[in-house]
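Subject: Structure handover

Hi,

Here is the structure I promised to pass on. Have a look at it first, and then read on for what turned up.

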Amino acid sequence: PLAYVIIAAHIYRTLSERNGTATLASHWTALAALCWLIVAALSAIFAIPGAALYVAGTQLAQAQTALFGLGVLAIILGMMNQSGAELRGENTRITGLMPFWLVAFGGIGAVSLQAAAGVAQIFTARVSGIGFLDTEAAIAPLYLLRAACLILLAAGALIYLAGFWARRPYATHDTEATSGMAGATNA
């Protein structure tokens, strides 16, 4: 957990000092920092010896892994956004805010619902002694809502990829070069 806090402190410093870039890389980095701070908090809770026995094998433990993966996805998308702008030589957004918010809310929502299902599993199956199948039947609506959030995340990722493809580096330069070559050979 201490390593996550140190990394988050360094990320916060880079985000708090505004620079001249207009890309959305800082938004994606902030999302990753938020995800990893929550992972650090969960890691501290899971490090408690008594809590580790209750959490093991539940959706709450898997939510921690999913949240870490969302942070990694955010870093990759931010890197693509910044490198795309750098390769184009333009200080503009490569993708819009809609993919960011869809991925952010879809991912955080899915992980939150997965964590809620894990907490429900802990309290119903492990603390109260209710059977596994009864517990799973009770938390089935959380799984359906989680699936809806994952659909939002997937839609955001597809919109991101479509926007990136439309504004990919050298997309306009390739067509200009090809049409220029065709004109030169025809002349």
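To get your bearings, which helix is Gln64 found in? Gln64 sits in helix α4, which covers residues 59-88. Bear in mind throughout that this is a predicted model.

Is Gln64 buried or exposed? Its relative accessible area is 17%, and the cut-off for buried is under 20%, so Gln64 counts as buried. The Gln64 side chain has a polar contact with the side chain of Ser43, at 2.6 Å. If you skip the neighbours within four places in sequence, the residues in contact with Gln64 are Val39, Leu42, Ser43 and Phe46.

Now for how the helices pack. The axes of α2 and α4 come within 8 Å and cross at roughly 160°. Angles over 145 degrees count as roughly antiparallel, and α2 and α4 are therefore roughly antiparallel to each other. Their crossing is left-handed.

What about α4 and α5? Here the axes come within 7 Å, with a crossing angle of roughly 165°, so α4 is roughly antiparallel to α5. This crossing is left-handed too, going by the handedness of α4 and α5 and of α2 and α4. On the α4 side, the residues that meet α5 include Leu60, Ala63, Leu67 and Leu70. Among the α5 residues that meet α4 are Val103, Gly107, Val111, Ala115 and Ile122.

While you are in α5, look at Ala104, which lies in that helix. Ala104 is buried, with a relative accessible area of 5%. How far apart are Ala104 and Leu31 in sequence and in space? They are 73 residues apart in sequence, yet 7.1 Å apart in space, C-alpha to C-alpha.

On to the aromatics. The structure holds six aromatic pairs. One of them is Trp28 with Phe100: the ring centres are 5.0 Å apart and the planes are at 85°, so this pair is edge-to-face. Why does that pair tie together parts that are 72 residues apart in sequence? Because Trp28 belongs to helix α2 (residues 25-46), while Phe100 belongs to helix α5 (residues 97-127). Trp28 and Phe100 are both buried.

Trp28 also forms an aromatic pair with Tyr160, again edge-to-face, at 5.7 Å centre to centre and with 90° between the planes. Since Trp28 is in α2 and Tyr160 is in helix α7 (residues 140-166), this pair ties together parts that are 132 residues apart in sequence. Tyr160 is buried, as is Trp28.

One last stop, in helix α6 (residues 132-138), where you will find Glu136. What does the Glu136 side chain make a polar contact with? Its partner is the side chain of Tyr143, at 3.0 Å. Leaving out the neighbours within four places in sequence, Glu136 is in contact with Gln121 as well as Tyr143.

That's the lot from me.

Cheers

Terms used. Residues numbered from 1 in each chain as written. Predicted model: local features only at pLDDT ≥ 70, side-chain atom pairs only at ≥ 80, totals over all residues. Heavy atoms only, no water. Phe/Tyr/Trp six-rings, centres within 6.5 Å; stacked < 30°, edge-to-face > 60°. Helix = DSSP H or I, 4+ residues; strand = E, 2+ residues; numbered from the N terminus. Buried < 20%, exposed > 50% of the residue type's maximum accessible area, 1.4 Å probe, protein only. Polar contact = N/O pair within 3.5 Å; in protein donor to acceptor, adjacent residues only side chain to side chain. Contact = heavy atoms within 4.5 Å. Axes fitted to C-alpha atoms, helices over the stretch in contact; angles between N-to-C directions. Parallel < 35°, antiparallel > 145°, perpendicular 65-115°, else oblique. Left-handed = near helix turned anticlockwise from the far one by under 90°.
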